[in-house]
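I opened my notebook and the structure side by side today. Here is what I looked up, entry by entry.

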Amino acid sequence: MGTKTQEKGDLEEIFENQRWLGVSWGAPLGTLDHPAWSRRDGRAVRMDDVMLLCDSEGSVKKVYEKTIHALVDRLYTIVVDASTDAEGWQYGTVFKHLEYKRAGGRASRRFGDTVRRRRWVRKEESSFSQSSARHRQADVAFQTKHANDSASRALRTFLKLLVDAVSKKKFWDLIPWDPGAYYVLQQKHKDEYSELLSHAKENSLVWDTMPPLLHDHGTLLQNLLCGAIHSRAAYGFAMQAGHIKDISSYIRLHTLQPLRFDAVGGVSQEANNEAISELTGIPVDHIVQSNWRNSPFRPCYYVAADTANHCIVISIRGSLELGDLLSDVTANSLHVNLVGVDGWVHEGMMASATYIHCCTKAALRELGAQYPGWPVLVTGHSLGGGVAGVLTLLLRDAGGIPGLGDVYCITIGSAAVMSEHIATACDEFAISLVLGADCIPHLSHASLEKLLLELSSASPVKTLADDVSKTVSEFIKSALGTLDDEQPAVVEETSSCPNSKTVPVIDLNSNSSDTPENRQNRNIVLNSENDTPEMMYPPGKIIWILSEQAIESTSNARTADDKESVADLLDQGWTTGIPSNTKANPNDSVRIAMHIDRDLFERILLLPSMLDDHVPDKYLDVLQEL
């Protein structure tokens, strides 16, 4: 009796072991290899052992299964947790190593992994008749179908945007065929950017006088640091391992790194949560919810209680996988009414924010009971920042979160995701931080179309062709004018012919037709023929940070006439401030921060550091310098 009880206890959990056989996974080979089914201590489990367990309990009167796998599937259920893949497997080079942790976890197969294992635990007696395999297969099939449907939707939307753009404008006007156009336009944009920098110091902010966003105590700079730390931590293990420290690392992450180990999709939830803990300093058990399985319109995110900053954090990851890219390109403008304001938002960001809004309701209610009155900080970098802005609007539009305080948003290098009216409505509770030449906050469907038209018009080849065409046209007109002078009778006869049609001529240089009514009619015609996409902006107030060293090195880059024209633009777009007291970094460059009008984000500037300045580590370093 005692032996049977001991065996029953040993079989409360069993392990399925498999080896890579060159073309597929299968049972380990031979008697000298690891058993296909084992106890925790490695001893083999046979079919007779499982049947003996059934007989001892009397729970299964008849056993029809002919294999141990079928019997186990009837009596046990697979354990899927934060350390396994979606089917419960853990991978390693040898079975013994599966007992130990490794960087990035064991939730995916890496180069050199030849074994895998998963854990099964006893079902409740009432569930013996259910097929766990059938439920797992149905769940996997549903998730796969949703991902495929979402990907198809994103691609259809992207192709429709392309077709609409080509149908409204000439194809050769949207595609800059001349490589020289890039160089010419980049030089022009560098000059414009240099002039903007030269006016930065006189418009800088004084951090000590800026009111905090989250609490009455603390400073705005501390709030921004909190947002930058959490938005960076949302990248999980990939950030902790240094795979996103610069652009070259990001490229290696998606090219060479997957040959050895997928450091994004192949990382376990457990390893990602541990990375969040290391990057933010919050305990792992304070992360109440996290999602690391990415698909279109389902970005990765986490919800945590930050006791150091006394706030609840919802942090959303930026673009790192194919699903994120498909969410990015679903760039249709979707009409919404949020917080009492009508406007437009990025369709892909809206779908992503709605998904997170639905998934986090239960976790936020629990946090409201545990940390009553704490404010909620929604943050993210790049794509995550855009989703954070829309999610903040959804939470506020729903009346906030029961038990918790107000909802605020801090975005880091956010994508442009909302129209001007909605972005302005966010001024009281959202701040978008932009570093230097970062191009992503400028990037939207409308601004990209503007950039393509700028490139096309900047082409030296196109300019030369236009000049030649103009010269030829003037020569032909001049020649035709000479012929008209020589044959006046023919012209008069033709014009007086009763069968001829009179064509009205409009003098483009005359002001007689420039009445308000005519201008309105012309605007209507232009808008109907050249309907442009809605201009999008980052959410809330925009704070721009740049280096004083860059200001001094480029302050004399343009002519006086250019400076005067840009100064007019600055008068419309800048908020006047007082020079700030900032600390110098080791390279003797002082960071200057200022409020900047969102109208200056209607164009994309081609600048050498437009991608380097978008890296999350740079944002955090700059804020720490301040």
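**Before starting.** I reminded myself that this is a predicted model.

Entry 1: I began with strand β10, residues 333-338, and strand β11, residues 341-346. How do β10 and β11 run, parallel or antiparallel? I found that they run antiparallel, and that six bridges join them. I then picked Asn337 and looked for its bridge partner, which turned out to be Asp342 in β11. Two residues lie between the strands of this hairpin, and Val339 takes a positive phi there, near 45 degrees. I also jotted down a general point: side chains in a regular strand alternate between the two faces of the sheet.

**Entry 2: α7 and α23.** Next I went to helix α7, residues 220-233, and helix α23, residues 616-625. I read off an angle of about 155 degrees, with the axes 10 Å apart. Angles over 145 degrees count as roughly antiparallel, so that is how α7 and α23 lie to each other. The crossing of α7 with α23 is left-handed. Which residues of α7 meet α23? My list for α7 is Leu221, Leu224, Leu225, Ala228, Ile229 and Arg232. Across from them, α23 brings Pro616, Asp617, Leu620, Leu623 and Gln624. Sorting this contact by class gave me eight nonpolar residues, one polar and two charged.

**Entry 3: α6 and α17.** I turned to another helix contact, that of α6 (residues 180-198) with α17 (residues 445-458). Their axes come within 8 Å and cross at roughly 110 degrees. The range for roughly perpendicular is 65 to 115 degrees, and α6 and α17 are therefore roughly perpendicular to each other. Here the crossing is right-handed. From α6 I noted Ala181, Tyr182, Val184, Leu185, Lys188 and His189. They meet Leu451, Glu454, Leu455 and Ala458 of α17. The classes in this contact are seven nonpolar, one polar and two charged.

**Entry 4: the rings.** How many aromatic pairs does the structure hold? I wrote down six. One of them is formed by Trp37 and Trp120, with 5.9 Å from centre to centre and 55 degrees between the planes, a tilted pair. I liked this pair since it links distant parts of the chain. Trp37 sits in strand β3 (residues 37-38) and Trp120 in strand β6 (residues 115-122), 83 residues apart.

Notes. Residues are numbered from 1 along each chain as its sequence is written. This is a predicted model: local features need pLDDT of at least 70, side-chain atom pairs count only at pLDDT 80 or more; totals for chains, interfaces and linings use all residues. Side-chain values use heavy atoms; hydrogens and water are left out. Two strands pair if DSSP finds at least two bridges between them. Helices (H or I, at least four residues) and strands (E, at least two) are DSSP runs, numbered from the N terminus. Axes are lines fitted to C-alpha atoms, for helices over the stretch in contact, and angles run from 0 to 180 degrees between N-to-C directions. Angles under 35 degrees count as roughly parallel, over 145 as roughly antiparallel, 65 to 115 as roughly perpendicular and the rest as oblique. A crossing is left-handed if the near helix is turned anticlockwise from the far one by less than a right angle, and right-handed if clockwise. Contact means heavy atoms within 4.5 Å. Ala, Val, Leu, Ile, Met, Phe, Trp, Tyr, Cys and Pro count as nonpolar, Asp, Glu, Lys and Arg as charged, and the others, Gly among them, as polar. Rings of Phe, Tyr and Trp (its six-membered ring) pair if their centres lie within 6.5 Å; planes under 30 degrees apart count as stacked, over 60 as edge-to-face and the rest as tilted.
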